[in-house]
Amino acid sequence: MTAPHKAIRSSGWKTDFLIGFPDGLFLLFFATQVMQTFPLEVQTFYNIQLCILLAGSLLVMYSAYQANKGDAQHDSALLSDDERRKLEHLDINDHTIAHIADEMQKDAAMWETTLQQEQVMETTFSRSRAIRSALFTAFFFLLGGILSVGPYLSNENFTAASQTSMLLVFLGLTVFSFIKARVTNQRPLPIVIRYWLMGAGVWCGAWVLHRVF
């Protein structure tokens, strides 16, 4: 039986929401904006978008589980005896090894300070909690993605659907920014501006691809 190890640095569903929702929204916003002008049948367009949505949700679910699972091998942020021996076998001198150990200790102290400032809890690994976090992250990813692709599913006029999707995306980003500001105790305006710029960047990237191809 393996010993419990530190793995989860999370605030529960709030963290899952902050990770999953914007990822789904931006990915499907980009995918729909890029592909809406391609010479595709409507059903083919729908199938591709739904496949992207499903594949993305499975990927973020797996990533969230792995992130919550952590790695017992790297519980300590300091230089272990085994790592020190490996460095010695590489003919690295003692002064350099001591410098590496000192920098790792500084980074570990800085990371712990950051966790305290952000009020992020560090606990031991729990499989059920990791699975729950993965499911919530996937759910919020799907929610963000549906906000982007939903108008296309309800309207086969992709020009009109694109305008509705863009409106919903920036409205969703605004609401998300206020929620994130509340959760992280930050001022909402800088967060709103940052996510609006990210949304505009996604749209500009899609527009450039249309011009190039």
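Trainee: Which residues of α7 are buried?
Mentor: The buried ones in α7 are Ile191, Val192, Tyr195, Gly199, Val202 and Ala206. Buried means under 20% relative accessible area, exposed over 50%, and partly exposed in between, with a 1.4 Å probe and protein chains only. Helices are DSSP runs of H or I with at least four residues, strands are runs of E with at least two, and both are numbered from the N terminus.
Mentor: Bear in mind that this is a predicted model: local features need pLDDT of at least 70, side-chain atom pairs count only at pLDDT 80 or more, and totals for chains, interfaces and linings use all residues. Residues are numbered from 1 along each chain as its sequence is written, and side-chain values use heavy atoms, with hydrogens and water left out.
Trainee: What do the buried residues of α7 pack against?
Mentor: They pack against α1 (13-35) and α6 (158-184). Contact here means heavy atoms within 4.5 Å.
Trainee: What span should α7 have, and how far apart are its end C-alpha atoms?
Mentor: At 1.5 Å a residue, its 25 residues should span 36 Å, and the end C-alpha atoms are 36 Å apart, which agrees. The expected span is 1.5 Å times one less than the number of residues.
Trainee: Is Leu209 buried or partly exposed?
Mentor: Leu209, which is found in α7, is partly exposed because its relative accessible area is 31%.
Trainee: Which residues make the nonpolar surface patch?
Mentor: Phe30, Trp203, Trp207, Val208, Leu209, Val212 and Phe213 make a patch of about 700 Å². Helix α7 (residues 188-212) gives the most to it, with five residues. Like charges are joined within 9 Å, and nonpolar side chains (Val, Leu, Ile, Met, Phe, Trp, Tyr) within 5 Å. Areas come from the Shrake-Rupley method with a 1.4 Å probe; for residues, only the protein chains shown count as cover.
Trainee: Changing topic, where does Gly144 lie?
Mentor: Gly144 lies in helix α5 (residues 127-154), and it counts as buried because its relative accessibility is 0%.
Trainee: What does Gly144 touch?
Mentor: Not counting residues up to four places away in sequence, Gly144 touches Phe21, Gly24 and Leu25.

Definitions and conventions. Patch = residues over 30% accessible without salt bridge, like charges linked within 9 Å, V, L, I, M, F, W, Y side chains within 5 Å. Salt bridge = Lys/Arg side-chain N within 4 Å of Asp/Glu carboxyl O.
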